[in-house]
Each structure stands twice: as C-alpha cells, then as structure tokens.
Amino acid sequence: MKKAKFIGISLVALSSVLLLAACGGKKSTTSSTASSSSSSNHSVALVTDIGGVDDRSFNQSAWEGLQEWGKKHDIKRGTGGYDYIQSDDATQYTTNVSGAVQNGFKTIFGIGYLLQPAIKEAAAQNPNVQFAIIDSTIDAENVVSATFKDNEAAFLAGIAAAETTKTNKVGFIGGEEGVVIDRFQAGFEQGVADTAKKLGKIITVDSQYAASFGDPAKGKALAASMYQDGADIIFHASGGTGAGVFQEAKAINSQLNEADLDSKKVWVIGVDSDQADQGKYTTKDGKDDNFTLASTLKGVGAAVEDISTRALEGKFPGGEHLEYGLKDGGVDITDGYLSDDAKSAIKEAKQEIIDGKIEVPETPSK
C-alpha cells in the first residue's frame with residue numbers, strides 16, 4: 001500500500017442533519033427508484049453497516065456525502081448513478097457488496113471496518129471495479145483505504161467532559177470492540193485524565209460496550225446504569241445504539257424542573273456528526289432545553305464525496321491510504337453547550353495536538 005496521505009476535508013456539512021427522503025424504510029437491496037445519470041457514466045454505491053443511513057451518525061454522514069456528490073455533478077440516484085444498499089445484520093455484508101458489483105456500480109464503498117473482509121474478497125474477485133473501505137485498510141491496487149484519527153477528537157471530548165462534570169464521574173459507551181472504537185475510548189480516557197490532573201481532581205471513567213452498533217435498547221440500559229451510578233456525562237461511539245443513550249438522558253432530564261438542572265442534569269456527547277437535535281427536550285416545568293453537551297465530528301461524508309469525485313475524474317486513488325485528522329480538518333468537535341473554560345482548554349489542546357506537543361494514544365491503557 002502506498003504511503004498514507006493526509007488530505008484536508010470540510011466538516012461544515014456534518015454540523016447539520018439533512019432531511020433524507022430515503023430514510024423511511026431499511027432495505028437490503030438497492031432502491032427501486034433507480035434512474036440513470038445523464039451527465040456521467042460513473043456510478044457509486046455505499047454498502048452500509050447495520051446502523052443504516054438514518055442512524056444520525058456514521059452511515060448517515062456517508063450517505064449525505066454521496067448525495068451531495070450526486071447533486072454537485074448532476075448524477076441521479078439509482079443504478080447507473082448513486083445509491084446505498086442497507087445491511088440489516090452482519091451476515092448481509094458479502095451479499096450486499098456482491099449485489100453492488102452485479103448492479104454495475106463502478107465505485108463501491110464499505111462503510112465501516114466490519115465490512116473489510118467483504119470488500120477485500122470482492123476486490124480480489126473483481127479487479128476492474130473500484131472499492132473503498134472506511135475505517136480500515138486493504139492492500140490492493142483497486143482499493144482506497146480511508147481512516148480517521150478518532151482518538152484526537154475523542155481526546156477533546158474528554159476535555160469537554162472533565163471540564164463540565166459536577167459528579168466527577170463520566171461514562172463511555174462503545175458499539176463493538178475493535179481497533180476503531182479503541183481509538184475513541186483511548187482518546188476520551190486520556191483527555192479526561194489529563195484535564196483532571198490540570199484541575200487537581202480525580203475523575204473516573206466507566207467504559208462499557210454494547211456489542212452492537214444497532215441496539216438502542218442496550219444503549220439505553222447501559223446509560224441508565226451509568227447515570228444511576230453517578231455519571232453525569234456519557235460520550236458514546238456506538239452508531240445507532242447511541243439512540244438509546246439519548247433516550248435515557250431525555251427520560252431523566254424531562255423529570256427535572258428548571259431549578260434542578262444545575263445540580264441534576266445529565267449530558268451526552270455525540271459522535272461522528274453534530275447530534276444537537278437529539279438532545280432537545282422539555283423540562284418538567286415546560287422549559288425548552290438541550291442535553292447534547294458537544295459532538296465529535298468525523299468527515300466520513302466529506303471523504304466519500306472526495307473519493308467519489310476523484311473516481312469520476314479518472315483519478316481514483318487505488319492502493320492509497322488516506323488518513324484524516326485534526327491537522328487536516330478530518331475530525332473536530334462542536335462548541336455545543338460548553339463553558340468558556342472548556343472551549344478555551346479544547347482550543348489550546350487542539351493546537352498542541354496539531355503541533356505534535358500532545359500525542360494521543362490509540363489504544364486504551366489496561
């Protein structure tokens with residue numbers, strides 16, 4: 001594989017949630033609304049992870065990026081243009097990637113590291129088809145690998161949590177264990193630890209896994225346990241499972257009067273895209289409020305758009321590893337409802353990471 005390249009991408013599109021007309025129903029095959037592109041003979045397909053294109057997180061970000069690509073290049077949704085294939089469980093990955101090949105898509109994305117084996121197999125069997133794997137690497141001339149320095153954004157989330165917590169207990173909920181979510185956990189725990197030391201505090205982190213990226217009920221149960229144990233902030237990196245974390249925080253906060261918010265409010269830190277909309281709720285005495293403290297941003301959609309455009313222009317970066325981090329704008333964090341002190345600490349740490357003064361770990365300490 002060619003040496004990793006650091007590519008600057010825009011995260012602006014990730015700070016708001018687009019309305020997706022296609023999100024109503026989950027499918028295991030491409031959309032029946034197929035229509036051919038009149039402006040190009042290039043076509044692109046996404047094969048999602050189980051969270052789906054309406055997960056308000058990783059898969060949705062990828063789909064938004066591809067829709068933006070289609071809009072910019074006057075390419076229509078459907079076979080011969082662009083589309084997604086929904087994976088409802090892990091057993092469908094190989095079948096769905098094969099389906100994309102059979103439908104004639106020229107560039108095919110596997111959205112998430114769990115699709116790595118399926119993409120690798122398909123790439124070997126179809127050397128004339130272009131493939132892209134997100135959040136993993138494959139050494140093949142017809143595959144481009146795109147990974148993100150999630151640990152850097154998670155480190156900033158750790159600062160946000162440590163600067164905000166009143167109970168000195170915070171939580172982390174991951175989807176499935178693996179090298180990608182390891183980066184989230186490691187960065188978050190280190191950000192909390194470094195900030196606690198500066199503040200002269202002891203802040204504990206309870207890190208747990210749901211063993212799924214598509215189980216909101218498990219996410220809700222884990223969040224309930226953490227909040228009951230005294231955590232007042234949870235950072236999730238769990239895809240669709242995270243919906244349950246937001247549900248539990250909403251249930252707790254909705255029972256509080258405005259006077260109780262300062263001492264009893266619980267928070268969620270979102271992941272991959274701005275999840276502020278999921279934090280909206282109404283207090284017991286009718287006050288509109290929000291409990292999404294901040295959200296880490298990950299330029300999945302921008303990476304999908306970038307790679308698709310290069311493929312369209314005949315410059316597909318096959319065999320390359322594209323790596324996106326803070327330095328090149330590939331990851332970041334929103335201001336959300338952070339205090340001025342928290343925003344200042346994050347700004348300082350961000351620059352130190354970019355300058356190489358802070359090296360954020362990629363694996364949790366045991």
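D150 lies in helix α4. The model is predicted. The chain has 10 helices and 15 strands. Of its 366 residues, 58% are buried. Among contacts with a separation of 6 or more, 76% join residues 24 or more positions apart.

- D150 has a relative accessibility of 1%. Buried means under 20%, so D150 counts as buried.
- Which residues does D150 touch, leaving aside its neighbours within four places in sequence? They are D135, V180, R183, F184 and K298.
- One of these contacts, K298, also has a polar link to D150. The side chains of D150 and K298 make a polar contact of 3.0 Å.
- Q185 is 35 residues from D150 along the chain. The C-alpha atoms of D150 and Q185 are 9.3 Å apart.

**How α4 meets α10**

- Helix α4 spans residues 150–164, and helix α10 spans residues 340–354.
- Their axes come within 9 Å of each other. They cross at roughly 155 degrees.
- Angles over 145 degrees count as roughly antiparallel, so α4 is roughly antiparallel to α10.
- Is the crossing left-handed or right-handed? α4 passes α10 in a right-handed crossing.
- On the α4 side, the contact is made by E152, F155, L156, I159, A160 and E163.
- On the α10 side, D341, A342, A345, I346, A349, K350 and I353 take part.
- How many residues of each class form this contact? There are 9 nonpolar and 4 charged residues, with no polar ones.

**Helix α2 and its cover**

- Helix α2 runs over residues 93–102.
- Which residues of α2 are buried? They are Y93, N96, V97, G99, A100 and V101.
- Several elements cover these buried residues of α2. The strands among them include β2 (44–47), β3 (82–85), β4 (107–111) and β5 (130–134).
- Helix α3 (116–125) is also part of the cover.
- G104 follows α2. The phi of G104 is positive, near 85 degrees.

Technical notes:
Residues numbered from 1 in each chain as written. Predicted model: local features only at pLDDT ≥ 70, side-chain atom pairs only at ≥ 80, totals over all residues. Heavy atoms only, no water. Axes fitted to C-alpha atoms, helices over the stretch in contact; angles between N-to-C directions. Helix = DSSP H or I, 4+ residues; strand = E, 2+ residues; numbered from the N terminus. Parallel < 35°, antiparallel > 145°, perpendicular 65-115°, else oblique. Left-handed = near helix turned anticlockwise from the far one by under 90°. Contact = heavy atoms within 4.5 Å. Nonpolar A, V, L, I, M, F, W, Y, C, P; charged D, E, K, R; others polar. Buried < 20%, exposed > 50% of the residue type's maximum accessible area, 1.4 Å probe, protein only. Polar contact = N/O pair within 3.5 Å; in protein donor to acceptor, adjacent residues only side chain to side chain.
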